Amino acid sequence: MNLSVIGLMQAVLVIPLLAAAGVALTGSRPNLREGVSLVAGALLVAAVGLLYQAVMAGDRSGWTLLELLPGLTISFRLEPLGMLFCLIASFLWVVTILYAIGYMRGHGEANQTRFYALFAVAIASVGGIALADNLLTLFIFYEVLTLSTYPLVTHAGTDKARRGGRTYLGLLLGTSIVFFLPAIIATWALAGTLTFTEGGIFGDDTPPVLLSLLLVLFVFGIGKAAVMPFHRWLPAAMVAPTPVSALLHAVAVVKAGVFALVKVGVFIFGLDTLGSLAVTEWLLYLVAFGVLAASLVAMRQNNLKARLAYSTISQLGYISLGVLLATSAGLLGSALHIAMHAFGKITLFFCAGAILVASHKTEISDMRGLGRAMPLTMAAFFIASLSIIGLPPTGGSWSKWYLILGTLEAGQWLLMGVLMVSSLLNIAYLLPIPLKAFFPANGTAGCGSGEDSGIREAPLASLLAIMITTLMCLLLFFFPQPLYDLARSIG
């Protein structure tokens, strides 16, 4: 056992919790409070960076925090998929804190201390999910993540926020209790273990009917993956402040869902077993329907955050579809899309928040000509849109490329068509936004120039965060190797 690596793994869990305590203690001094968050974020990135080197060197160290019953433990282990999730979450935590400093102050948000503290707790939960060595550990931190983000969703304290929070909590806890937890108990009864194992944990004598039932329970039980019809919590949660929306859509919550789904598919069932089950094909078609349906709904949304929310539902379907294809290329595409979508979507939400703070506009129809007043923000929106669509020179082109290869490897020509049609729909609901902002139709009312309208770019901290994530969308096209190496090592 490598004690230094174990210490770093423990640091991934402890640093955000210490940050939450530090934020609570310094809440009356905003500069110090936010400084604590930024320093903790930098330390977490450093710890995760060292763990990345250990994983790539072949280290698979693990440790047990607590044994609840014989064979049932809260345990953690290094492995490539979890490391990829950790890398994305830790880096984007720092960037989102930076963005939030400008947004929360610029928008005059109340309860900022609570926001930063709970954000840190959520990131600690993500660390536990990413490093979980078994289903029980993953489930515990998965639920902590739900509970710690609920107050963030209801942050505004309005009736609308409370309604959104009830939908959020009701669907996520409901799917966990009704589907996810019974699936875990049944898995323990059938396999005698919950430990994530390469190739899966079920014996050859396990009846396919039972495996099919379990797979259905897991797919619908992991509600954070937003598989239809258990997706309504995601648009309902858009009542939250934009940094929280970024947390939900890119850093933590939805990525925890699809990460858990990939983890179950690869390390509980195994790709061979997954591909042999008849129900897998039906689930593939259901997910494909969700990809297209969510895109069509997104096209009808005039509210920018609502459009981005339905876009997220569609994009999560790409990741679910990739693992259910049960091919190496599909799995590679899913893992890469966890990262590529994170940077693209967080940039889009950052831009939406910047537009709100600077111009107080939320409806897409009101944003004509906005590019003249906010050229950097709208240029970032355009680049991030290209990444979500999957066009060069952005990182999203790599993940979508491997997902399409996965459909070919599985002989699923219809699903390849779904991915291509979906990308066309992405173009239809994303690109008109920056194009109208920069090139309003002749004779239509626009936002005017910055001097005429009084609209300026967002506060410097928020704008800097937008530039960082936009740059990453581009860099991940030219330098995808670190993430590619991790994704290729999965399983």
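**Notebook: helix packing, burial and backbone exceptions**

The model is predicted, and local features need pLDDT of at least 70, side-chain atom pairs pLDDT 80 or more, while totals for chains, interfaces and linings use all residues. Residues are numbered from 1 along each chain as its sequence is written, and side-chain values use heavy atoms, without hydrogens or water. Helices (H or I, at least four residues) and strands (E, at least two) are DSSP runs, numbered from the N terminus.

**Entry 1: α4 and α5**

I looked up the geometry of α4 (residues 112-131) and α5 (residues 135-153): the angle is about 165 degrees and the axes are 8 Å apart. I therefore recorded α4 as roughly antiparallel to α5 (over 145 degrees; under 35 is roughly parallel, 65 to 115 roughly perpendicular, the rest oblique). Axes are lines fitted to C-alpha atoms, for helices over the stretch in contact, with angles from 0 to 180 degrees between N-to-C directions. I then listed residues in contact (heavy atoms within 4.5 Å). On the α4 side they include Phe-115, Leu-118, Ala-122 and Ile-129, and on the α5 side Leu-138, Phe-141, Leu-145 and Leu-152. By class, this contact has 15 nonpolar, five polar and one charged residues (Ala, Val, Leu, Ile, Met, Phe, Trp, Tyr, Cys and Pro are nonpolar; Asp, Glu, Lys and Arg charged; the others, Gly among them, polar).

I compared the length of α18 (residues 413-430) with expectation: its 18 residues should span 26 Å at 1.5 Å a residue, and the end C-alpha atoms are 26 Å apart, which agrees (the span is 1.5 Å times one less than the number of residues). Buried residues of α18 include Leu-415, Leu-419, Ser-422 and Tyr-429 (buried is under 20% relative accessible area, exposed over 50%, partly exposed in between, with a 1.4 Å probe and protein chains only). I found α12, α14 and α16 among the elements that cover them.

For α16 and α18, I recorded axes that come within 9 Å and cross at roughly 160 degrees. The two helices are therefore roughly antiparallel, and α16 passes α18 in a right-handed crossing. Phe-381, Ser-385, Ile-388 and Ile-389 of α16 meet Ser-423, Asn-426, Ile-427 and Leu-430 of α18.

**Entry 2: Thr-73**

I located Thr-73 in strand β2 (residues 72-77), where it is buried at 17% relative accessible area. Beyond neighbours within four places in sequence, Thr-73 is in contact with residues including Thr-64, Leu-66, Asn-134 and Leu-136.

**Entry 3: backbone exceptions**

Most residues other than glycine have a negative phi, and most peptide bonds are trans. I found a cis bond from Met-228 to Pro-229, with omega near 15 degrees; Pro-229 lies in the loop between α7 and α8. A cis bond also runs from Pro-392 to Pro-393, with omega near 0 degrees, and Pro-393 lies in the loop between α16 and α17.

Ala-326 has a positive phi of about 60 degrees. I placed Ala-326 in the loop between α13 and α14, buried at 17%. His-360 has phi near 60 degrees, lies in the loop between α14 and α15, and counts as exposed at 63% relative accessibility.

Key. A crossing is left-handed if the near helix is turned anticlockwise from the far one by less than a right angle, and right-handed if clockwise.
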